[in-house]
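Let's take a friendly walk through this structure, one place at a time. Please keep the sequence beside you as you read.

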Amino acid sequence: MAQKPTLLVTRRLPDAIESRIRRDYEARFNASDRLYSREELLSLAKGADALLVTLQDQLDESLISGLPRSVQIIATLSVGFDHIDVRAAEARGIAVTNAPGVLTDATADITMLLLLGASRRATEGQALLRQGMWSDPRPTELLGWQLTGKPLGIYGMGRIGKAVAERARAFGMRIHYCSLHRLEQDAENGAVFHADARDLLAVSAFLTLHAPATSQTKHFLNAQSIALLPEGAIIVNAARGSLVDDEALIEALRKGRVAAAGLDVYEGEPHIHPAYRTLPNTFLLPHLGSATVETRTRMGMIALDNLDAHFAHRPLLTRVLA
Ligand code: DGY
């Protein structure tokens, strides 16, 4: 029987994935489930044919150039691949794959949770109850902002943006979007396209970000772009933290220029700007976009399908290119 390829798996994964890995690979698991340092990762990769990594593993140019020659392929358990220098990997002849498609619904669902949590002041409501302060319910207590009939601006109309639009329509929202490409009329389903992001911002009483992290989208939301939003806009980010200039958003949240923000992702996560934690008008989650048993399992299966294809000399299913 041919020797199984050696696979370094940087974090614990759902049981079904680990069982499949155990069956088909010479597995190097991370029993402690602790994030490896660069040195640990490089050392553990010695002699490995493949790496199965997650968003938290920063595979920048210097790490990739330090990888042993044995490594042929890197599969990431994420759709985003901004944590991997794909160009550097290509230069070393290492293929990189991601896990698109399967996390669309889970991430669109969490976007709705963020929209509702922020607009219905869930953080303040929870605090009232948890601190035992809900003693005299008043008709004017914690009034939030209704989604019905309101415009929702979607920045980035890929799979997840479209799934959010579908859900938001069910809440009676009017969809506006800005994306690199305009959708076909059928797919637009009444959504208003804005070629210029500034026009999108101007109508977005609610704004949700669904663009990838690139040098073009870095700090898309900053003091200037926030100034274009309607007064008291509500902002949601389930894409990447780097799309938001934290200082600018925090300042706007403090002043009420932005009424509330629902955030699942943060620049520099898991270290988040401390002000987010103290502001009552933030509704915060710890990057749970794809965190369901079903979705994480499917993501792992795609990663393994790619690795299997590579070692069977078949075309990769979801290779990413620089
Ligand atoms: C991804 O896979 O890029 C998502 O951010 C995970 O939640």
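His287 sits in the loop between strand 12 and helix 13 (293-311); helices (H or I, at least four residues) and strands (E, at least two) are DSSP runs, numbered from the N terminus. Its phi is near 45°, a positive value in a residue other than glycine. You are looking at a predicted model, in which local features need pLDDT of at least 70 and side-chain atom pairs count only at pLDDT 80 or more, while totals for chains, interfaces and linings use all residues. Residues are numbered from 1 along each chain as its sequence is written, and side-chain values use heavy atoms, with hydrogens and water left out.

His287 also brings us to the ligand. The residues around it, each with a heavy atom within 4 Å, are Leu55, Ser78, Val79, Gly80, Leu103, Arg240, His287, Ser290 and Met299. For His287, an N or O atom of the side chain is 2.8 Å from an oxygen atom of the ligand. The side chain of Arg240 has an N or O atom 2.6 Å from a ligand oxygen, and for Ser290 a polar side-chain atom lies 3.1 Å from an oxygen atom of the ligand.

Another residue with positive phi is Arg121, where the value is near 55°. Arg121 belongs to the loop between helix 5 and helix 6. Its relative accessibility is 24%, so Arg121 counts as partly exposed (buried means under 20% relative accessible area, exposed over 50%, partly exposed in between, with a 1.4 Å probe and protein chains only).

Next, look at the loop between strand 11 (258-263) and helix 12 (274-278), where Pro270 lies. The peptide bond from Glu269 to Pro270 is cis, with omega near 15°.

Finally, which rings come together? The centres of the Tyr155 and Phe220 rings are 3.7 Å apart and their planes are at 5°, so this pair is stacked (centres within 6.5 Å make a pair; planes under 30 degrees apart count as stacked, over 60 as edge-to-face and the rest as tilted). Tyr155 lies in strand 6 (residues 151-155) and Phe220 in the loop between strand 9 (206-209) and helix 10 (223-228), so the pair ties together parts that are 65 residues apart in sequence. Tyr155 is buried, with a relative accessible area of 12%, and Phe220 counts as buried at 12% relative accessibility.

Notes
Rings of Phe, Tyr and Trp (its six-membered ring) pair if their centres lie within 6.5 Å; planes under 30 degrees apart count as stacked, over 60 as edge-to-face and the rest as tilted. A polar contact is a pair of N or O atoms within 3.5 Å; within protein, one must be able to donate a hydrogen and the other to accept it, and residues adjacent in sequence count only if both atoms are side-chain atoms.
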